[in-house]
Amino acid sequence: MQNFLTSAEKFIHTNVLARQRVRRDSDVSRREMAALVCMSLVIMLAFFMFLWVRIYSLEIGYRISDDHRLNEELIQENQKLKVERASLKSSSRLEAIALNQLGMSVPRPEQVVIIPW
Amino acid sequence: MVKLKSRNELAKNIRFIAMGFVVLFAIAALRAYFLQVLRSGELADMIRGQSTTSIELLPRRGTVYDRNGTELAASLEVDSLYARPSLIHDPKTVAQQLAPILQLPLSAVYKDLASTRPFVWVQRKVMPTQADEIRALKIEGLGFLKESQRFYPQKEIAAQVLGFVGVDSQGLEGIERQYDRLIKGKTRKLFADRDAKGRHVFVEGLQPSDQSREGNDLVLTIDKNIQYIAEKELQTAVSAAQAKSGTAIVMDTQTGEVLASAVCPLFNPNQLAEAEPDAWRNRAITDIYEPGSTFKTFLVASALEEGVIKPADMFFCENGAYHVANHIIHDHGSYGWLDVANIIKHSSNIGASKIGRQLGKEQMYKYIRRFGFTAETGISLPAEQSGFMPSLKNCSEHTQCTISFGQSITVTPLQMVTAYAAIANGGMLMQPIIVKRISDSQGGIVQENSPVMRRRVISPQTARIMRDILKQVVIPGGTGTRAAVNGYTVAGKTGTSQKIEQGGYSHSKVMASFAGFVPADEPRLAMIVLIDEPQRMKFGGECAAPAFSRMATDILNYLHVAPDAVPAQDPGRVKELKTEPFKVAKLDAD
């Protein structure tokens with residue numbers, strides 16, 4: 001009987017408990033693996049995010065550069081047009097057009113009618 | 001025992017390796033501290049120098065506007081052509097290509113291109129069409145840099161007031177010089193990253209080193225249309241009189257704002273090389289002259305203010321010759337008894353001398369100073385003169401008489417018109433203003449110049465008497481009838497003074513002028529027209545008065561000032577204009 005019990009314990013130890021331990025070890029390593037994969041994914045995501053932000057900021061930088069150049073050009077163009085407009089509005093030019101092309105003249109005092117209001 | 005020994009060795013090895021890591025970390029930490037803290041600035045500059053670049057933005061010089069916002073002076077960026085001679089293989093051929101485009105002598109261009117210097121300017125500030133032609137040639141060793149170029153779109157208008165700038169955009173004359181510090185702006189730098197192709201990338205956005213790149217803008221009190229009228233009529237007068245030069249100023253009597261300041265000969269600041277340097281001078285403030293009879297106005301005003309004379313007082317004008325301290329003072333006519341108004345109307349030197357003597361030297365000097373003569377007006381323009389008057393202790397009896405009719409004293413045209421404006425506005429001497437406002441590039445006000453009354457010179461009653469006296473000058477019988485304006489009352493005074501030549505008065509060279517204000521009863525404009533050395537029509541009433549009349553007619557029309565007198569149907573009948581007679585009794589009562 002004693003022998004039988006000893007051999008039964010041995011059997012349980014070697015067959016049941018050992019299998020259970022293996023199963024427990026295998027569960028742990030699977031969880032670790034899952035965690036590792038998740039972490040890797042997060043790191044990769046963060047890396048790709050960083051890369052995307054970097055590329056996007058570079059793209060924005062080029063766009064700012066282009067817009068800045070365009071802005072400077074437009075300011076210059078605007079200034080040129082202002083100078084041209086002022087030149088076209090010069091009194092001597094307008095007077096010459098009014099007198100010679102449009103046949104206008106400066107009204108004499110007796111032609112001026114003051115409208116009371 | 002073996003197991004125990006090996007476990008101890010393992011622990012020892014682990015400790016050893018850990019120690020090694022600690023040491024390595026300590027070294028790394030020390031190195032990091034050295035690089036990140038101790039040498040951080042130096043290394044940051046180094047890396048910035050390698051990967052970033054600064055873009056220098058040229059300052060844009062502020063724009064100068066007239067009072068209605070029309071551009072009188074503005075800056076544009078233009079190309080300047082440079083060469084790197086070491087990169088030009090055949091300077092002779094390149095010079096032959098460039099010279100006709102730039103309209104420069106071939107030898108001059110070749111000399112630049114064959115230079116041993118690493119960098120030479122071939123032509124600064126080239127025309128856009130020229131730059132395009134040169135770019136199309138695609139010549140190695142040539143390049144363009146942007147530079148600021150000043151343009152004056154109204155050409156000759158107010159050229160002497162505006163002045164001009166040099167090749168490096170530094171103000172050299174006029175407003176450009178006076179306000180150079182405020183309008184020139186500052187160079188600004190933008191920091192950008194550089195990519196592999198050398199292109200600029202603003203990864204961190206626009207990071208200006210300094211926001212205040214653009215210069216401030218100036219708004220002048222000048223009205224470009226009034227300025228044009230003044231310049232046109234002045235030029236007509238100078239040409240008609242075959243004179244050396246001329247000056248005209250139009251001032252708002254109530255505010256002291258200079259609406260026009262014309263100088264003839266004119267010059268175009270866009271083509272500076274073609275103008276005589278003599279034309280650059282703003283004679284309205286830099287040239288002094290003896291005012292002649294226009295000065296009698298202030299003598300009479302002073303005497304009336306002090307109560308030493310009354311408008312009805314009669315003075316014997318010695319029939320044209322008056323002996324004073326071994327000198328003889330002459331009138332241009334032979335006058336007997338004249339009242340104060342007629343002394344002014346006929347411009348009697350003898351009558352003025354007698355009023356001057358009655359006023360006394362001290363009082364005369366006091367009022368001359370109070371009217372602003374012999375001191376700079378303080379207008380913000382460079383090289384203003386103050387005028388000259390002999391010191392009181394050196395003022396002889398004869399000098400006192402000559403000062404009474406505008407000799408032995410020198411003034412500037414601006415001082416004269418400011419003093420006339422004081423009579424026009426009821427006795428207040430205003431500070432002449434040429435710059436109305438200074439604003440930054442965003443439109444914010446940096447400085448606003450409001451009208452400033454410097455002092456009261458005479459009472460409103462005296463000013464009113466003077467206005468009525470001066471109106472007599474323009475009606476028939478007066479010396480300034482040709483200054484009359486159809487439809488408006490005019491008050492003013494003619495002046496003709498001999499110029500000083502070789503220590504004495506010239507017999508042929510004179511300064512002819514007319515100064516006054518319109519409309520006489522409710523003055524809006526004080527004006528002076530001064531003709532230097534007229535060869536024909538030598539009197540102020542002949543050459544300056546008609547210019548005054550034409551100017552006043554056009555300017556009053558432009559300003560929509562309602563006529564205050566009955567207009568003559570026939571402009572030729574201007575002399576018959578109905579003008580209020582001088583009312584002594586009423587004025588005395590005032």
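**Entry 1: B:Ile528**

I located B:Ile528 in strand E21 of chain B, which covers residues 525-532. The model I am reading is predicted.

I listed the contacts of B:Ile528, leaving aside neighbours within four places in sequence. They include B:Ala248, B:Ile249, B:Pro413, B:Met416, B:Val417 and B:Tyr420. I also looked up B:Lys197, which lies 331 residues from B:Ile528 in sequence and 66 Å away in space, C-alpha to C-alpha.

**Entry 2: B:Tyr420 and the cores**

Next I examined the largest nonpolar core, which holds 136 residues. Among the members that touch the most others I noted B:Ile249, B:Val417, B:Tyr420 and B:Met527. Domain 1 (56-84 + 122-220) and domain 2 (281-589) of chain B both contribute residues, so I place this core between them. Apart from it I found another core of 13 residues, including B:Ala83, B:Leu98, B:Ile101 and B:Leu113.

**Entry 3: contact between chains A and B**

I recorded 29 residues from chain B and 25 residues from chain A in the contact. On the side of chain B that touches chain A, strands E3 (71-83), E6 (188-194) and E7 (200-201) and helices H9 (224-240) and H19 (540-558) each supply at least two residues. The largest share, 4 residues, comes from E3(B). I sorted the residues of this side into 14 nonpolar, 9 polar and 6 charged.

Technical notes. Residues are numbered from 1 along each chain as its sequence is written. Chains are lettered from A and ligands numbered from 1 in the order in which they are written. This is a predicted model: local features need pLDDT of at least 70, side-chain atom pairs count only at pLDDT 80 or more; totals for chains, interfaces and linings use all residues. A nonpolar core is a set of buried Ala, Val, Leu, Ile, Met, Phe, Trp, Tyr and Cys residues joined through C-beta atoms within 7 Å. A residue is buried if 20 or more other C-beta atoms lie within 10 Å of its own, exposed if 12 or fewer, and partly exposed in between; C-beta atoms are placed from the backbone. Domain bounds come from an automatic or database domain assignment. Two residues are in contact if their C-beta atoms, placed from the backbone, lie within 7 Å. Ala, Val, Leu, Ile, Met, Phe, Trp, Tyr, Cys and Pro count as nonpolar, Asp, Glu, Lys and Arg as charged, and the others, Gly among them, as polar.
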